[in-house]
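Welcome! Here is a short tour for anyone meeting this structure for the first time. Keep the view open beside the text as you read.

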Amino acid sequence: MLWWLAIAAAGDGVAIQAGSYEPLYPVDPAVPRTFVSSFILDATPVTRADFSAFVAENERWQRERVPAVLADPGYLASWSGPTEPPAPLDTPVTEVSWFAARAYCEWRGARLPTEDEWEYVSRASEDSLDASKDDAWLARTLAWYGSPRTAGSGRVGQHAPNAHGVHDMHGLVWEWVEDFNNTLFGTDVREGGDAETLRFCGSGTLSATDVSDYATFMRIAYRSSLQGKYTTRGMGFRCAADQESP
Amino acid sequence: MRSILLALATLTACQAPPAAVAPVPFTTGGSAAGDFGPPVGDPIIAELTNAPNVPPPIDRDEPATVVVNLEVVEKVMPISEGVDYTMWTFGGEVPGKFIRVRQGDTVEFHLQNHPDNRMPHNIDLHAVTGPGGGAASSFTAPGHESQFTFQALNQGIYVYHCATAPVGMHIANGMYGMILVEPPEGLPPVDREYYVMQGDFYTVGKYREKGLQPFDMQKAIEENATYVLFNGAEGSLTGDNALQANVGETVRLFVGNGGPNLVSSFHVIGEIFDRVYTDGGTFPQENVQTTLVASGGATMVEFDVEVPGTYVLVDHSIFRAFNKGAIGMLKVDGPESLGVYSGLELDSIYVGDLGDHEGIIAAVTEAEAGGTVTLEQQIAAGEALFGGSCSACHQTTGTGVEGVFPPLAGSDFLMADKERSIGIVLNGLTGPVTVNGSDYNSVMPPMRQLNDDEIAHILTYVRNSWGNSGDAVTAEEVATVRSTTDAPAGAAH
Ligand SMILES: [Cu+2]
């Protein structure tokens, strides 16, 4: 816990004010907005340098030692040794499983953000806490999702923070959330899904609240394609923590 | 037609069928008749091809297990000269690989999502019987592979596509292809088989605006396509990439439409489809000019080619052909068949509603015969002829249409080479040209039917109008070019 506070003091954790956002698939369609309590979120994704420190201290999370049920063979596959990530070190760590991401955050006395927390913060543009109806901003975020794949990604924190003071929610990497399989596209995205199963299995495109928010679609689709042990070259994470009650 | 086939079928039941006519069953029995028992022999790795090629016909009398390995690759590819687009592909090209199996086969499908890909993907094959067509079982994260198995119960030609959210965007980025399920006895043999698939594309930049063009979601929702393309790129079926056939051959096209939005009015200029397996169904329609190909649908067309020349494949929703790229070509080589198509017979022009201009042309022709024709007379005659022969495309003002028909007014290309311009009118022009700094890549038909005098007048007029200024073109000059150049075989009108 102390470790986490030290980092937060160094400006890495941002206090996120409580608020609400409109999920693409509300639990109860009659209640379109979901409330999110205040919490703390990393200002930037976890970097290769950060993660290298973690595996140095926690050998069981090194590539050669991690059990196959916790990380697939892609885990840190581009690293040249157990604790040697490729340069540049201040880019987001990817090739990490959900289990590994959780372990990292736990090690720091933190946790992964929930999908609601992550999505809530991701709706902010540079100057508005809720830009989800701002077509120009939506088009800008979508551009990244549709842009050519690249082998690596950029350095963290290079772009202006959003209105919460958080960087890189869009444009660098996909990010793990605690409940990544929560909004399941489960089987086939085009099935409608009735109210009861909406949240858990067939929730489909047909019942989405804002069908033009393609970027959110893609995030949800992406998360649904994953299992906890999966790693991909494009997926990293950041940590969150509960707000200390004053 | 159906009753004749039926009559034939009943006839053949009691006497030996005539050699050339195979009995035509009235029904295939649909999926209920599609299970020919368990697979026989070792699994076969399917041979997959890129468009416009089709894997060879299946030479097998028993059902088999066919293994299909298909890799999804996201990559930047040209969709037009100087225009790039981030395609999401089944197998590295748009459209995706062509898959060929036999009815009753057990297909073991492996979908691989390349580790560098940004998106998860899946596949819905319309040839699959089962919810989602495979989509549910094939949802695959980057760097992973999924496997599912289905039995191909229905014969026919089917589209496959990605069905990952947002579905429209995955399809708009090129995620579609075709799978052929051959009937157990195979398809009737033909000389050529080709794979042509249409798709519509939505870019932020205008048609042919250069550079890497992002997907435009708004245009896609409005169904306002920037490009309508055969086989994923302008030029993929023209020039050196044109489909080939020889006179006397039978050509079969598997024509699919990936969409995401537009329904195709598929037509081949100068041909009549002898058979269209409408909607990809089993029993053909005969003698069809234009056939609809639904978005997410496919069809099979067959025709014999009797006359050499270039046949232009279009979406006959025609602005798509001339302004959005939906053009392909089939080049047919071989001896002329004048009984079928004479070429030009009557060497006189139709100049439309030119009224008193006809007098001018007659006067020039007379003056010319007497050796007294002036530049002014030639220009006047040329103007009249231009109205009937050229202005439909290049416009009466000679300005052309940006991106489609190059300008003649102030054209550096025209004025640079007189002999070449004569050749263009006689023999037409295909392929990329740059006129006043703008690129064009289209087709101008040859106009050999104009006589030497007429071409001389037209070009004299063109070379002395709208700011152009040059010397006269004489009938002799035209005659020389005519006798030293060949028109491309069989001009398409
Ligand atoms: Cu896809």
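This is a predicted model: local features need pLDDT of at least 70, side-chain atom pairs count only at pLDDT 80 or more; totals for chains, interfaces and linings use all residues.

Let us meet the residues involved.

## A sheet in chain B

Chain B holds an open sheet of 4 strands in the order β4-β9-β8-β6, and the pairing is mixed. At its edges stand β4 (99–102) and β6 (124–125) of chain B; each has a single partner strand, so one side of each is left without a neighbour in the sheet.

Further in, you can follow β8 (residues 156–161) of chain B alongside β9 (residues 176–182) of chain B: the two are antiparallel and joined over 6 bridges. One bridge to look for has H161(B) partnered with Y176(B) in β9(B).

## An enclosed helix in chain A

Now turn to helix α6 (residues 214–224) of chain A. Here 11 of the 11 residues are buried, so the helix is largely enclosed by the rest of the structure. Among the buried residues are Y214(A), F217(A), R219(A) and Y222(A).

What covers the buried residues of α6(A)? From chain A, the cover includes α4 (115–122), α5 (135–146), β5 (174–175) and β6 (235–236). Chain B takes part too, with α2 (167–172) and α3 (217–221) included in the cover.

## One disulfide

A search of the whole structure turns up 1 disulfide over all chains. Its partners are C105(A) and C239(A), with sulfur atoms 2.1 Å apart. This link joins distant parts of the chain: C105(A) lies in helix α3 (residues 98–107) of chain A, and C239(A) lies in the loop between β6 and β7 (240–242) of chain A, 134 residues apart.

The torsion about the S-S bond of C105(A) and C239(A) is about -85°, so the disulfide is left-handed. Both C105(A) and C239(A) are buried.

Definitions and conventions:
Residues are numbered from 1 along each chain as its sequence is written. Chains are lettered from A and ligands numbered from 1 in the order in which they are written. Side-chain values use heavy atoms; hydrogens and water are left out. Two strands pair if DSSP finds at least two bridges between them. Buried means under 20% relative accessible area, exposed over 50%, partly exposed in between (1.4 Å probe, protein chains only). Contact means heavy atoms within 4.5 Å. A disulfide is a pair of cysteine sulfur atoms within 2.5 Å.
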